[in-house]
Amino acid sequence: MLAIEHLRKRYGETIALADATIAVRPGTVHTILGENGSGKSTLVKVLSGVVRPDGGSVVLDGRPLAGRHPAELQAAGVATVFQEVLIAPDRSVVDNVLLGVDGLFRRRLARSRRRAAVEAVLQPLTRDPMPLEAEAGRLPLAMQQLVVLARALYRRPRLLVLDEVTAALDFGDREAVFATMRRLAREGTLILFITHRMDEVMALSDDVSVLRAGRSVATLPVAGCDPESLLRLMAPQTAAELAHAL
C-alpha cells in the first residue's frame with residue numbers, strides 16, 4: 001500500500017502542505033479532492049520527486065520514497081501524469097510513448113516491436129485508432145493527453161498519480177480512461193486521482209481524501225459520501241458544520 005504521513009512543504013511564508021496524511025488501499029482508485037490552494041499540486045510534485053518535502057514520509061510497499069529524485073521514483077514504480085500536457089511535439093506518437101524507455105537515436109526495440117508495444121497500451125484508451133507516426137504536436141489536445149497517459153502506463157507502474165488528466169477529454173475518451181483505471185486497480189496498481197469534478201469523484205472513486213489549506217481533513221469511502229458533505233469538508237464555515245460533514 002501507499003502511506004503518506006505528515007507531509008509538509010513551505011515556500012517562504014506560504015505553507016503549501018501543513019500536514020498531509022493519506023493511506024491508499026490496494027485495489028482501489030483513491031481521489032484527492034480540495035479547492036485551489038489546498039495543496040493538491042504540491043502533493044503531486046512531492047510524489048513525483050519534483051520538489052523535496054520539508055518533513056513527513058511517503059512509503060510505498062515498505063520503501064521510503066519522500067525526497068528522492070524523479071528517476072529514482074520512476075525506478076521504484078511511480079508514474080505521474082501532470083495536468084500540463086508534456087510531449088515532444090516534433091516526435092511521433094510512438095517516440096513520445098516510449099520516451100525515456102527506448103532511445104530516440106539509438107533504439108533498443110525494432111520498429112515493428114515499437115509499434116506493437118505502443119498500439120497495445122493505446123488501444124484501451126482510445127475509441128479511434130491513433131496515427132502512430134504522426135507528430136504528436138499536430139494532434140488535438142485530447143489525443144496528446146492520451147499519449148502522455150500511455151507513456152505512464154507503458155512503464156507498468158506500481159503507483160499511478162493522475163493530476164486532472166480528464167480536463168482535455170470528451171465524455172467518450174473519459175469513460176475509456178476510467179475503464180482502464182478500474183482495471184488497473186483490480187490488477188493491483190495503486191491509483192491516486194486528482195480532480196476538481198465532483199461527478200468524477202462519485203463515478204470513479206473507491207475512497208476520497210479531502211485536503212484543506214494543506215491539511216488532510218478526512219479520508220472516506222465514497223459509498224458513504226454525497227457531494228454536499230464533501231463540499232462542506234473542502235471549505236467548512238464553522239466547527240459545527242465540519243462536525244456535521246464528518
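**View 1. The surface of the predicted chain.** Accessible areas here come from the Shrake-Rupley method with a 1.4 Å probe. On that basis, this predicted model has a protein chain with an accessible surface of about 11,800 Å². Carbon and sulfur atoms hold 52% of that area. As for what is tucked away, buried residues, meaning those under 20% relative accessible area, make up 50% of the 246 residues in the protein chain.

**View 2. The overall fold.** Nine helices and 10 strands turn up in the protein chain. Its radius of gyration is 18 Å, close to the 18 Å the globule rule gives for 246 residues, so the chain is as compact as a globular protein of that length. Looking at contacts with a separation of 6 or more, 65% come from residues 24 or more positions apart.

**View 3. The β1–β2 hairpin.** Here strand β1 (residues 2–11) and strand β2 (residues 14–24) run antiparallel, joined by seven bridges. At the turn, two residues sit between the strands, and Gly-12 takes a positive phi near 60°.

**View 4. Charged side chains.** Count them up and the protein chain carries 31 positive and 28 negative side chains. The centres of the two sets lie 7 Å apart.

Methods
Residues numbered from 1 in each chain as written. Predicted model: local features only at pLDDT ≥ 70, side-chain atom pairs only at ≥ 80, totals over all residues. Heavy atoms only, no water. Helix = DSSP H or I, 4+ residues; strand = E, 2+ residues; numbered from the N terminus. Rg over C-alpha atoms; globule rule 2.2 N^0.38 Å. Buried < 20%, exposed > 50% of the residue type's maximum accessible area, 1.4 Å probe, protein only. Contact = heavy atoms within 4.5 Å. Lys, Arg positive; Asp, Glu negative; His and termini not counted. Charge placed at Lys NZ, Arg CZ, Asp CG, Glu CD. Pairing = 2+ DSSP bridges.
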